[in-house]
Amino acid sequence: MDAAIRAVNGNGYLVGPSGDTLYPTSGSAPDYTFGFGIKYSYTIELPGNPGGFQLPPQYILPVGEESLAGALVWLREILDEFSV
C-alpha cells in the first residue's frame, strides 16, 4: 500500500497499530472487530496539515489520487487472498 501511494506523488503512508501510530482511542471499529477475530480491520486517515484535517483545495485531488492508489492495492490483496 505504501509503495502504491508513494508512487503517485512521492508521499509515504505510515503503517502500524492505530494507537501507536496515530493516537490512542477507545472503542474504535478496528479495536472492536479485532476483538472478534476479524482479520481486516483498519483505520485509514487522510494526511493532516497545520490547520487540522480540513485540506486546502489544492491538496484535495493529490490526496484523493494517493488514497485511491492505496485502496486499490489493499482491495486487490484481500480479493487475492479469497481467490475472488
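**Helix packing and salt bridges**

Helices α1 and α4 are roughly antiparallel to each other, a label used for angles over 145 degrees. This is a predicted model, where local features need pLDDT of at least 70, side-chain atom pairs count only at pLDDT 80 or more, and totals for chains, interfaces and linings use all residues. Residues are numbered from 1 along each chain as its sequence is written, and side-chain values use heavy atoms, without hydrogens and water.

Helix α1 covers residues 2-9 and α4 covers residues 57-81; helices here are DSSP runs of H or I, at least four residues. Their axes come within 8 Å and cross at roughly 150°. Those axes are lines fitted to C-alpha atoms over the stretch in contact, with angles from 0 to 180 degrees between N-to-C directions. The crossing is right-handed.

Which residues make the contact? From α1 they are A4, I5, V8 and N9, and from α4 P62, E65, E66, A69, G70 and V73, contact being heavy atoms within 4.5 Å. They divide into six nonpolar, two polar and two charged, with Gly counted as polar.

Now the salt bridges (a Lys or Arg side-chain nitrogen within 4 Å of an Asp or Glu carboxyl oxygen). The count is two. In α1, R6 pairs with D2, four residues away, with the closest N and O atoms 3.3 Å apart. In α4, R76 and D80 are also four residues apart, about one helical turn, and their N to O distance is 2.7 Å.

R76 is partly exposed at 40%, and so is D80 at 45%. Partly exposed lies between buried, under 20%, and exposed, over 50%, with a 1.4 Å probe and protein chains only.

Definitions and conventions
Helices (H or I, at least four residues) and strands (E, at least two) are DSSP runs, numbered from the N terminus. Angles under 35 degrees count as roughly parallel, over 145 as roughly antiparallel, 65 to 115 as roughly perpendicular and the rest as oblique. A crossing is left-handed if the near helix is turned anticlockwise from the far one by less than a right angle, and right-handed if clockwise.
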